[in-house]
Amino acid sequence: MRVPALAILAIGMVFASAPARAQTYSPDYPVCLHVYGPVTYYECRYTSIPQCNQSASGRSAQCVVNPYAAYQDRPVRKRGVY
């Protein structure tokens with residue numbers, strides 16, 4: 001009974017000491033590059049879709065709207081006022 005409990009405790013300690021992953025979406029940029037491959041990740045460093053598309057060209061990647069920047073509070077435009 002002790003051996004399985006100690007094994008579970010040891011495995012739990014290994015996972016607890018692993019570094020936590022940081023947030024991959026930067027709310028400062030409205031466009032992210034989603035890169036696919038053995039290591040899939042997001043790069044949120046782009047201000048427009050065309051800028052991101054240039055970086056994605058020739059790679060297994062896709063440009064997506066940053067979900068954290070897409071719904072930030074923006075000033076509301078009133079009708080007839082630009």
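**View 1. Asn66 reaches the backbone of Tyr29.** A polar atom of the Asn66 side chain lies 2.8 Å from the backbone oxygen of Tyr29. This is a polar contact (a pair of N or O atoms within 3.5 Å; within protein, one must be able to donate a hydrogen and the other to accept it, and residues adjacent in sequence count only if both atoms are side-chain atoms). The model is predicted: local features need pLDDT of at least 70, side-chain atom pairs count only at pLDDT 80 or more, and totals for chains, interfaces and linings use all residues. Residues are numbered from 1 along each chain as its sequence is written, and side-chain values use heavy atoms, with hydrogens and water left out. Asn66 sits in the loop between strand 3 and helix 3 (67–70). Helices (H or I, at least four residues) and strands (E, at least two) are DSSP runs, numbered from the N terminus. Asn66 is buried, at a relative accessible area of 0%. Here buried means under 20% relative accessible area, exposed over 50%, and partly exposed in between (1.4 Å probe, protein chains only). Beyond four places in sequence, Asn66 touches Tyr25, Ser26, Pro27, Tyr29, Pro30, Val31, Cys32 and Cys44. Contact means heavy atoms within 4.5 Å.

View 2. Strands 1 and 3 run antiparallel and are joined by five bridges. Two strands pair if DSSP finds at least two bridges between them. Val31 stands opposite Val65 of strand 3.

**View 3. Cys32 and Cys44 form a disulfide.** The structure holds two disulfides, a disulfide being a pair of cysteine sulfur atoms within 2.5 Å. The sulfur atoms of Cys32 and Cys44 are 2.0 Å apart. The torsion about their S-S bond is about 100°, so this disulfide is right-handed. Cys32 belongs to strand 1 (residues 31–35) and Cys44 to strand 2 (residues 41–46), so the pair ties together parts 12 residues apart in sequence. Cys32 and Cys44 are both buried.

**View 4. Cys52 is joined to Cys63.** The S to S distance in this disulfide is 2.2 Å. Its torsion about the S-S bond is about -100°, so the disulfide is left-handed. Cys52 lies in helix 2 (residues 49–56) and Cys63 in strand 3 (residues 61–65), so the pair links parts 11 residues apart in sequence. Cys52 is buried, with a relative accessible area of 0%. Cys63 is buried too, at 16%. With the bonded cysteines numbered in sequence order, the pairing reads 1-2, 3-4.

View 5. His34 is part of strand 1. His34 is buried, with a relative accessible area of 11%. Neighbours within four places in sequence aside, His34 contacts Thr40, Tyr41, Tyr42, Ser60, Ala61 and Gln62.
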